[in-house]
Amino acid sequence: SFVMRRFFLVLISLLILFVGLFIGFFSQSDFPILIHDPHTNHSVSISRNPHGASIIQGKTINDVGFGLGYAHARDRGNQLLFLRLLSQGRLAELDGTPLNTEIDIHVRGLSFLSDSVQMLPQLDSEALLYLQSYSNGINKYLIEDSWFGLNLPLEFFFLGYKMEPWLPQDTLAIVRALSWFGISEVQMDVEKFIIQAVRHGANASKLVRNLFRPHLNDLTVFQEDFLRQTTLLHTPLYTLGRNLDEIHGSMGSGSNNFAVGAEKAASHSGMQACDPHLDVKRLPAAWYEVELYAGDLKIH
């Protein structure tokens, strides 16, 4: 009857809500979670500090890598799976819109995944083992510990996404994609600037060589003529005649970092500080705050 159908609908809704709250409580609580993987013998403890950041403790760096994969899958599963599809040119599998199809075609031409597969044999055994440990952690949360797929991000769950095992090349492909969208895009913009400047009459020997010394010291007259005849298919990032302050404002500022040797540090430990100037307010977040402990190794 209508009343019974409505009763069961309410009951199922309450059950889903209860399961969600249950999973959410334990994933966000500061109680330590002890995780052991009998297949790989990884053992790790995961908890949270007062600010909600994950604290991962293990005996070895590979145990910690396993825990980091588990924590990333728990806290950033949506971001992980989306970036895997993006870096492999597979967004249309999730949502076959014309835009996603166009993105997939472009990304597949960049060969992030195939290049990553070819890179694996070049890695040393330690790096490869760490990548595999990280992959095992992701699979532990999203596959092995996922009851009826409930550990999948909500969007992926309702879209009927079938979770595939995470592989080391998936991580490398994401790193290559993020590097390309950052560093390589900047390089592409610089190349556009060089072409545009030369085509608008800039003296390559005085402008281009001085700006990019020593990388363009070997620029020949033939290459200068070739640049002047080059047509940009896409609109240049910056047009000539704009105010320098305007250009600087739109470009933002670059990254900076420094390192201190152990002999010069009060702690007698080496220190490294990096500031890539990535916005902390963006969503999805570019950062994941975590504390890692593996024997004497401490990373905050």
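1. A helix here is a DSSP run of type H or I with at least four residues, and helices are numbered from the N terminus. In this predicted model, helix α6 covers residues 125-144 and contains S133.

2. S133 has a relative accessible area of 2%. The residue therefore counts as buried, since the cut-off for that term is under 20%. Leaving aside residues up to four places away in sequence, the contacts of S133 are H42, N62, G65 and F66.

3. The largest nonpolar core comprises 30 residues. Those with the most contacts inside this core are I56, L68, L81, I138, L142, Y161 and W166. Two or more residues are contributed by each of β2 (42-48), α2 (61-87), α6 and β6 (290-294). Helix α2 supplies the largest share, with 11 residues.

4. I138, one of the residues with the most contacts inside that core, touches G69, Y70, A73, L80 and W166, again not counting residues up to four places away in sequence. Apart from this core there is a second, separate one of five residues, among them V107, A173, A177 and W180.

5. The next point concerns the strands. Strand β1 (residues 33-37) runs antiparallel to β2, and five bridges join the two. Within this pairing, I33 stands opposite I46 in β2. The two strands form a hairpin with four residues between them. In the turn, N41 has a positive phi of about 65°.

Methods:
Residues are numbered from 1 along each chain as its sequence is written. This is a predicted model: local features need pLDDT of at least 70, side-chain atom pairs count only at pLDDT 80 or more; totals for chains, interfaces and linings use all residues. Side-chain values use heavy atoms; hydrogens and water are left out. Buried means under 20% relative accessible area, exposed over 50%, partly exposed in between (1.4 Å probe, protein chains only). Contact means heavy atoms within 4.5 Å. A nonpolar core is a set of buried Ala, Val, Leu, Ile, Met, Phe, Trp, Tyr and Cys residues joined through side-chain atoms within 4.5 Å. Two strands pair if DSSP finds at least two bridges between them.
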